[in-house]
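User: I have a model open and want to go through a few parts of it. Can you take my questions as they come?
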Amino acid sequence: MFTIANGIILKGQNLIPAKENIVVDDGKIINIGKDLNEGKIIDVEGAIVCPSFINGHIHIGDSIIKDEGYGLSLSEMVKPPNGVKHKALANASDDELIEAMKQSMWDMVNSGTTHFIDYREGGLKGAKLLRKASEDIPIKPIILGRDDSFYGEDPDLSKVKNAIRKLLKVCDGIAPSGFGEITDDVARIIASECKRQNKISSIHVAESDSNQIESLDKFGKTEIEKGVDSNFDQLVHLTNPKNNDLELVLKANTNTVVCPRANATLNVGVCRLNEMLDMGMTPLLGTDNVMLNSPNMLRELEFTLKLMSVYYNGYIEPSKLLQMATTNVCRHDVNNVIQKAVMNEGNLAEFVIFKSFSKNPYLNICNRVETKNILYIINKKCIV
Ligand SMILES: [Zn+2]
């Protein structure tokens, strides 16, 4: 048992600052309040105690090709099966992959991330590699798998179903790349099989405007409409919404993730984050492909803070931005599967404790601290 004492804790889903102590036993929060002092005292006088980060969207497998292909288009970089990324992955050895994934997981832990939602390529084998690579690292991967049987104009649907069932024995869910690569039948099967097994279905949507236009031409629906209609639990990017796309997502209560740095690197636009927040949406924040970006959430937070000022000529609320990297995952999502996968046991003590340099705790984290200013990372597996 230990008490984190004398810090400013960011409390509850809205991260309200409070000068209170937290008592932790066996990895769980057992009490929060003033003047509590039980077990070992970890005195963090004046520091900020924040829930640890969740990286809402990442492709950790492409850790082996950092910065390769810079300047190419979205599809030349990441579209399966011939993108720069997929060719490199096909040629990498298991040992190389595991080593690169471990490095990225340590980069995440050291910068305050204790959970990440990964789009894992490489089928069942790829998912198993990541599970194995993460075993002795104090981080929780939420693995969304995929299989080559999903692709093509006329896929064998019984093979697709079989692949999903096998994947879901190892994975927390399924994530095909996008609607450009799969048929409507495959999309429906993925969403319904995940729902049946209480697992997560997730897909990229509206990452580029050309994706949206192609989708409208081909199906008479935007990618976002298709994502909502197919009942996916989570939609990633939404960078180029059209018509009433965002209203549809809000109404369906679908979980969303935005990745501003990846969108900027690929030159596909700026997500409408201030509008999303004003509407009452509660997106997560993700760093996307490790080939494009470091998986450091502090960098994503600062970039997003400033990008939104430039884009909107107005400010994003820093507390809401920080919630995107922390507590938004605890809010209701359509089937509650994401929340369950991330926090399968209640009251887990998972914090990052940052040195404080300013009077605004949210800006202190989003605008000021760096990895070296982390005093402690506390989660179930360890105190780092
Ligand atoms: Zn992605």
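User: How do strand 11 and strand 12 pair, parallel or antiparallel?
Analyst: Strand 11 (residues 173–174) and strand 12 are parallel, with 2 bridges between them. This is a predicted model.
User: Which residue stands opposite Ser201?
Analyst: Ile174 is opposite Ser201 of strand 12.
User: What unit do strand 11, helix 6 and strand 12 make?
Analyst: They form a β-α-β unit, with helix 6 covering residues 184–196, and the unit is right-handed.
User: And how many bridges link strand 12 with strand 13?
Analyst: Strand 12 pairs with strand 13 (residues 234–237) over 4 bridges, in the parallel sense. Val205 has His237 of strand 13 as its bridge partner.
User: How many residues of strand 12 are buried?
Analyst: In strand 12 (residues 200–205), 6 of 6 residues are buried. In a regular strand, side chains alternate between the two faces of the sheet. Here both faces are covered: one side has Ile200, Ser202 and His204, the other has Ser201, Ile203 and Val205, all buried.
User: Back to His237. What is its phi?
Analyst: The phi of His237 is positive, about 100°, although His237 is not a glycine. Most residues other than glycine have a negative phi.
User: Is His237 buried or exposed?
Analyst: His237 has 29 other C-beta atoms within 10 Å, so it counts as buried; the cut-off for buried is 20 or more.
User: Where is Asp35, and what is its phi?
Analyst: Asp35 lies in the loop between strand 5 (28–33) and strand 6 (40–43). Its phi is also positive, about 60°, and Asp35 is not a glycine.
User: Buried or exposed, for Asp35?
Analyst: Asp35 is exposed, because it has 7 C-beta neighbours inside 10 Å.
User: Now helices. What should helix 4 span, and how far apart are its end C-alpha atoms?
Analyst: Helix 4 (residues 123–134) has 12 residues, so at 1.5 Å a residue it should span 16 Å; the end C-alpha atoms are 17 Å apart, which agrees.
User: Which residues of helix 4 are buried?
Analyst: Gly126, Ala127, Leu130, Ala133 and Ser134 are buried in helix 4. Seen down the helix 4 axis, the buried residues fall within an arc of 125°, so they line one face of the helix.
User: What covers the buried residues of helix 4?
Analyst: The cover includes helix 3 (94–110), strand 9 (113–119), strand 10 (140–145) and helix 5 (157–168).
User: Which residues are buried in helix 7?
Analyst: In helix 7 (residues 209–219), Asn211, Gln212 and Ser215 are buried. These cover an arc of only 100° around the axis, which puts them on the same side of helix 7. Helix 8 (223–229) is included in what covers the buried residues of helix 7.
User: What follows helix 7?
Analyst: Gly220 follows helix 7, and its phi is positive, near 70°.

Notes:
Residues are numbered from 1 along each chain as its sequence is written. This is a predicted model: local features need pLDDT of at least 70, side-chain atom pairs count only at pLDDT 80 or more; totals for chains, interfaces and linings use all residues. The expected span of a helix is 1.5 Å times one less than its number of residues. A residue is buried if 20 or more other C-beta atoms lie within 10 Å of its own, exposed if 12 or fewer, and partly exposed in between; C-beta atoms are placed from the backbone. The arc is that of the directions from the helix axis to the C-beta atoms. Two residues are in contact if their C-beta atoms, placed from the backbone, lie within 7 Å. Two strands pair if DSSP finds at least two bridges between them. A crossover is right-handed if, with the strands pointing away from the viewer, the path from the first strand over the helix to the second runs clockwise.
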